[in-house]
Amino acid sequence: MGFFLETLFGGLMAGMLYSLIALGFVLIYKASGVFNFAQGAMVLFAALAMSRFAEWIPQWLGFESLLLANLLAFIAAMALMVVLAWAIERLCLSKLVNQEGITLLMATLGIAYFLDGFGQTLFGSDIYNINVGMPKDPAFILEGMFEGGVMISKEDLVAAVIAALLVVVLALFFQKTKTGRALRAVADDHQAAQSIGIPLNKIWVIVWSVAGFAALVAGIIWGSKLGVQFTLSLVALKALPVVILGGLTSVPGAIIGGLIIGVGEKLSEIYIGPMLGGGIEIWFAYVLALGFLLVRPQGLFGEKIIDRV
Amino acid sequence: QEQFIPLLSYRTGAYAPNGIPWANGKQDYVKYINANGGINGVKIAFEECETGYATDKGVECYERLKGKGAAVFDPQATGITFALTDKAPVDKIPLITLGYGLAASQDGGVFKWNFPLMGSYWTAADILVQHLGTKEGGLDKLKGKKIALVYHDSPFGKEPIPALKKRAEMHGFDLQLLPVTAPGVEQKATWLQVRRDRPDYVLLWGWGVMNSTALKEAIATGFPREKLFGVWWAGAEPDVKDVGANAKGYSALALNPNGTEYPLIQDILKKVHDANQGSGPRDEVGSVLYTRGMLISMLSVEAIRTAQEKFGKGKVMTGEQVRWGFENLNIDDKRLEELGVKGVIRPIKTTCEDHMGSSWARIHTWDGSKWVMGADWYQADKSVLDPMVKEAADRYAAEKQIKRRDASDCNA
Amino acid sequence: MLYRENGQFKTSYAADQQIFPIFQERWAMALLLLVAFVVLPLVGSEYWFRAILIPFLILSLAALGLNILVGYCGQISLGTGAFMAVGAYAAYNFMVRIDGMPLIVAMLLGGLSATVIGVLFGIPSLRIKGLYLAVATLAAQFFTDWAFLRIGWFTNNSSSGSVSMARLDVFGLPIESPVTKYLFVLTVVCVFALMAKNLVRSAVGRQWMAIRDMDVAAAVIGIRPMYAKLSAFAVSSFIVGVAGVLWAFIHLGAWEPAAFSIDRSFQLLFMVIIGGLGSISGAFLGAAFIVLLPLALDQVPHLLGIPLSTATITHLVHMIFGALIVFFLIVEPHGLAKLWSVGKQKLRLWPFPH
Amino acid sequence: MTDMNSAAAATPSGRRQGEVILDLQNISLRFGGVKALTDISFNIREHEIRSIIGPNGAGKSSMLNVINGVYHPQEGRILYRGEERRRLEPYMAARQGIARTFQNIALFKGMSVLDNIMTGRNLKMKSNIFQQALYWGAAQQEEIAHREKVEEVIDFLEIQNVRKTPVGQLPYGLQKRVELGRALAAEPSLLLLDEPMAGMNVEEKQDMCRFILDVNDQFGTTIVLIEHDMGVVMDISDRVVVLDYGKKIGDGAPDEVRNNEDVISAYLGTSH
Amino acid sequence: MSAPNLLLNVNGIEVIYNHVALVLKGVSLQVPEGGIVAILGGNGAGKTTTLRAISNLLKGERGEVTKGLIEYRGERVEALSPSDLVRRGVVQVMEGRHCFAHLTIEENLLAGAYTRSNKGEIAANLDKVYTYFPRLKTRRTSQAAYTSGGEQQMCAIGRALMSNPNMVLLDEPSMGLAPQIVEEVFEIVKDLNAKEKVSFLLAEQNTMVALRYADFGYIVENGRIVMEGAASELSNNEDVKEFYLGLSGEGRKSFREIKHYRRRKRWLS
Ligand SMILES: Nc1ncnc2c1ncn2[C@@H]1O[C@H](COP(=O)(O)OP(=O)(O)OP(=O)(O)O)[C@@H](O)[C@H]1O
Ligand SMILES: Nc1ncnc2c1ncn2[C@@H]1O[C@H](COP(=O)(O)OP(=O)(O)OP(=O)(O)O)[C@@H](O)[C@H]1O
Ligand SMILES: [Mg+2]
Ligand SMILES: [Mg+2]
């Protein structure tokens, strides 16, 4: 039982970490109907910026404080992400207004390639670390109830809390503000949105900046977990079943989807895996998502897919 | 007249942090040889080709560079090795897979063109088990123990399993297999299982990000690092660098030590780096993977040298001649000393049957900031592995309808 | 002046329905085939065959298969690698388990096995649409990756999970040398391209496109969504499976599941999109773009003698390649095939601008 | 609006009204809380032109969707040629000879005009996928035979010059015509038209009317027509149903309907 | 039309789609301050294209204005973005409705007020639209995709009005609307025009109504203006009568009596 709980918690935490990345996808999909293939590259880019700036800035300015270094690096990295968002809008999206989702998907692939090359040229392709003082040791709870207690990774717990906060803020942003509504309008019909005066360029810069912010947060958390290196961009793949299960358009869906996938994946690996020789979690996540989709084809919280004649 | 050596490498992609020092080591040694006037006067031309660890890109590199008179290929990736193993005999170019590749390819009778010098995953597995036995105070003490293998779910990670199974059978320990899906960024379930089953030892068969992630998960689940042992591809600086002090106590196999104190490295620093010819940053020289890359080039050069002894000093060797060189390497202590690597590796002597040349390795341990070499040398147990190698090679030969080489072919 | 259809009147519908109704195009095609079948084998180098033409052709074939599913029937698939793998491993098993199995038969059986798996994973498409469907095909992708690693039977119990295939022959002719391999692949690709073209200009093809463009309306005019979607999955995975066999047998020779990883699936999808969804020539153009362009870019610094480290070159290639993707999409969002046809249209009007 | 009295009242002639082919009994359709149709009954006779009119949101399009199986009413019976129809999918309706056009154009955007219309003949094509892959013999002949039929439709609708244009690039009115063509190509016995003349000027409407009347005349096709142009409706229909807020408020020959009090107040307005 | 109160001036524009299809071949037209101007013409004549050129929505269709100029209140506007134009008061109601499918009717309308920030004003506008179209009020919580064609058309018009425009480009406002709603829409046009001095440029197929409410009309055929004049003049023109109003000689002809071969308009040479 104690172990089951451990697995469960482990799954929940892992799920929250996936959600963090999934959020980036959802944001951009919501705002432009584009599946952003470059999200992984953005996570890597942001994390690289963060870790390298944290290393460089103290050298440039000649101080030692880790906290200050991290703070300045965060600001610098965020600024870089905003510039990036602006450049993407200017050079790419603004020229592809009103094109189909698939074309834009392809464009984001181009962006992904570019960022991969650009990020590594600027910041190097070795392994770097981000030290924001995440606790590394495990914590044990319920020691009275189970022998040895139930282990929880403190690092994951911190990450989960951050992810949850981010989601709440973003969900409110989308539901309650004028910009939120405008975003949904843009996703439905670029041209009609333009026709009533919604400035696509501004909206896109905002959204890509916010997605850049989400990527930065995800990059910091995953980066301090895995080390900052190219593989970070592949973590996005883990977020795929999460976004799809939660619904491509739903911010809270990203969290719920993450939790379901996280838990399902861990439980299956541990309880079913050994029977099949192990290593099943990755496809199990997809099969799980598929199962849910058969019941709700638009994902758990996604907007209903409209087909009407 | 230049001898051409293609350098397949990956400085980008998922495995770049490991690939970069490796590639730099390979290149620096070649430059060093040229700085010394070449091999008996024959300078080496080289060209690097980026594979990104991808098989099809590797094949493209191979096809492109083989046409330039390549003397030897080090594919630097298991997948590429598999794809090239069939092509090399046709093109008559030897493949050197130092410490990786197919375990069975040690058998020169079937794998005429493959040279898994200094060790395969079977020897690695065997040595690790021996080490655990030593720790426990005898291999027989392993009985009833539980040993888990956390491995990269790919041919690379699966290779050691038969050897481990064999040993498990011999000594009566329990082998638990825990695959990790590539690239290995998510291992929570694996380590929860470790935590539940509390194995006595965990063997780590990872590459790239999988290693540091495994260490971090081990820390997060409180698995003692002292009981964690990696293969030699899980025992370099990038694997532990960003875990730092937390990884203290973790040990891994070492085909070679790290450090800059021995003469060869000093010489390279002097002749290559001081001449601003260094392929990478100076402080990376002497790191584990750099040194391994350097050794790979060194052995290639030695093979060419050996070939020249037979086919003509100061001439450019063909792939076929270099192959002969690889098959007749005899790097004894004296030669090691001349090369400036005495004590770094053990003597290597290859034959027609044995393409590995040496199956010795040591264990080094991370002390929180650097790798510290253990004193004991281990040799894989021939009596255990040789029959396995032969069987596997025969099977391969049957599948491919290859005839075993006979003595005449060996002497040719 | 050279490229005009003026004065080329069709007197029968059969003539109007030719694949290349304009005779200049017919000539161009004949010339292309002549070059491919006769000139290249005479002048091509081994590197060209092995490292460029063969992989290019095989990936074009896979892209062609995928284009039927994505471009013509509108069902997104991220599991192409899986279907290639099924083809490859199935054919491998037919070859090693049945004595004297001819290569061509094994190849077709491999394709058929891929068809079965493709249709199986296509069933959710009856309910799940658009990007959401990607989940089903991704499930196929990761499941097959896993299965071919884990289940020893598929690899004939090879201890490492890697298998190989050598000594191929067709009707007694060995397929060993680069040229024979190239000609074999080229023939297969041509045959399949022709059949695919025939399909997409016939009733089935129109059914696929109708489902793609608007499935409700398609159903209203009597197209059974199930039949149309599953037949697209079937045909597509058959072709993809055959491409998988070629990739494994002819190009790699020895392979592990990683040869058909998710990266391959993405790569093929990109080829199809950048080449042009719903176009046969698009598959070839897309493959050329995605496979050949990076190779070419890679060579540029060498040719110019600019000393750059391989890492820098690779990063630059990535950046330029990414920028080119965006550039071409901006010029023509519907892919290279469309760009080509717009180009032809302009040529037709030339020298008048409109 | 248009002056209707001047139109020669085309009274329904016996010749044009055959057997009842479609009988709708007590149909009710709800979407959650929205009652799109409430207890509606009416029938359609063979060879007639039957119009459905009513204000926006009255449930006209929903009625067509019920007839060809896109929507499934919660209550009511549908008899087609005397047989009761159980839950039926749209493609089965097509097999029974029901074709339609849509209010919001539903053409296949990525295909040319020719291909769009060819899809209409889909049900009549018999060759299998293997024959089609080879494009040899039977498959090719079939393709040509159907192409001939389609060309007839193209000629009939006078869209020869845009044959090979992708439909997405056509102006709205021509798209509507192509959609009609696609429905006609199926040689349906019952043709459902949802506002085929929206967005056309008088001249084009006249063309369209001519097409509809010709189809009705030459092939004896039964036609159900939704249209907001009262001039057209009153001129060419044999019988008219009037819906309002999902309820039926009138049914009969154009003249009867025109003078029905309920209809005037709900739809036509007093000015007519 | 005298220059001082000229609101919109389109001068000799050419439009090309996809770099190949030349669709407008020099169209010039003017809308005076407070005017209602109609563009008439058959299918494919280029009405929609003209409106898109003015509102700058061509880019999304891969079209571009290659010649000529467009001025709004004397300012060149070709380079402005559609949203800049909306801020200057020019809003277009697109052909074919284009409601935001996933948004409810009310959200659609509120989205239309994106450029407005005064809450009171937005609420008042919303009220105004609901009084114009009571049907929308009853359906306000449905997603736009699930409303009937006519309801969507009302939504599209209402949405444009939410931005308090000075000039509305109406593309086929009557399409799909029931006759009495058509009348109402034009009454609204007239009302706004009279009370709030909103100018209108409308592309319309329903010539009869359009000419009844417009002051001035242009007839476009094949990308060229072939006739222009005051609305009353146009409605008395014989050709217009026959081809656009369906009137010939002694009044309207029944649709049933249409001849199979008719004379085609022949203004183009
Ligand atoms: N799929 C659906 N889901 C929810 N409501 C629907 C759906 N289809 C139609 N409705 C509602 O049912 C009512 C009738 O719609 P319908 O489209 O049949 O109207 P209509 O008579 O065709 O109107 P119009 O003349 O405007 O086209 C409308 O209020 C519409 O909003
Ligand atoms: N996106 C496009 N790409 C290419 N050609 C187009 C495009 N949109 C319109 N056209 C062409 O431009 C011409 C004018 O079209 P437009 O839509 O402006 O006509 P319209 O007068 O509005 O017609 P309707 O009354 O049918 O709406 C048509 O011939 C049409 O084929
Ligand atoms: Mg309707
Ligand atoms: Mg128009």
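Q: Which residues coordinate the magnesium ion (ligand 3)?
A: This is a predicted model, in which local features need pLDDT of at least 70, side-chain atom pairs count only at pLDDT 80 or more, and totals for chains, interfaces and linings use all residues. Donors are N, O and S atoms within 2.8 Å of the metal (3.2 Å for Na, K and Ca), and water is not among the atoms, so sites may look incomplete. At 1.9 to 2.1 Å, the ion is held by the OG of S61(D) and the OE1 of Q103(D).

Q: How many residues apart in sequence are the parts that S61(D) and Q103(D) tie together?
A: Helices (H or I, at least four residues) and strands (E, at least two) are DSSP runs, numbered from the N terminus. S61(D) sits in helix α1 (residues 60–67) of chain D, and Q103(D) in the loop between β6 (98–100) and α3 (113–119) of chain D, so the parts they tie together are apart in sequence by 42 residues.

Q: Are S61(D) and Q103(D) buried or exposed?
A: Buried means under 20% relative accessible area, exposed over 50%, and partly exposed in between (1.4 Å probe, protein chains only). By that rule, both S61(D) and Q103(D) are buried.

Q: Which residues coordinate the magnesium ion (ligand 4)?
A: The donors sit at 1.8 to 2.2 Å and belong to chain E. They are the OG1 of T48(E) and the OE of E95(E).

Q: How many residues apart are T48(E) and E95(E)?
A: T48(E) is in helix α1 (residues 47–55) of chain E. E95(E) is in the loop between β6 (90–93) and α3 (105–112) of chain E. The pair links distant parts of the chain, and the separation is 47 residues.

Q: What is the relative accessibility of E95(E)?
A: T48(E) is buried, with a relative accessible area of 13%. E95(E) counts as buried too, because its relative accessibility is 18%.

Q: How are α11(C) and α12(C) oriented to each other?
A: Axes are lines fitted to C-alpha atoms, for helices over the stretch in contact, and angles run from 0 to 180 degrees between N-to-C directions. The axes of α11 (residues 262–275) and α12 (residues 280–304) of chain C come within 7 Å and cross at roughly 120 degrees. Angles under 35 degrees count as roughly parallel, over 145 as roughly antiparallel, 65 to 115 as roughly perpendicular and the rest as oblique. α11(C) and α12(C) are therefore oblique.

Q: Which residues of α12(C) does α11(C) meet?
A: Contact means heavy atoms within 4.5 Å. From α11(C) come Q267(C), F270(C), M271(C), I274(C) and G275(C). In α12(C) they meet G282(C), G286(C), A287(C), F289(C), I290(C) and V291(C).

Q: How many residues of α9(A) are buried?
A: Helix α9 (residues 236–246) of chain A is mostly covered. Among its buried residues are L240(A), V243(A) and I244(A).

Q: What is the phi of G247(A) near?
A: G247(A) follows α9(A). Its phi is positive, near 105 degrees.

Q: Is E147(A) buried or exposed?
A: E147(A) lies in the loop between β1 (138–141) and β2 (150–153) of chain A. Its relative accessibility is 83%, so E147(A) counts as exposed.

Q: How far apart in space are E147(A) and G2(A)?
A: Residues are numbered from 1 along each chain as its sequence is written, chains are lettered from A and ligands numbered from 1 in the order in which they are written. E147(A) and G2(A) are 145 residues apart in sequence. In space, C-alpha to C-alpha, they are apart by 7.7 Å.

Terms used. Heavy atoms only, no water.
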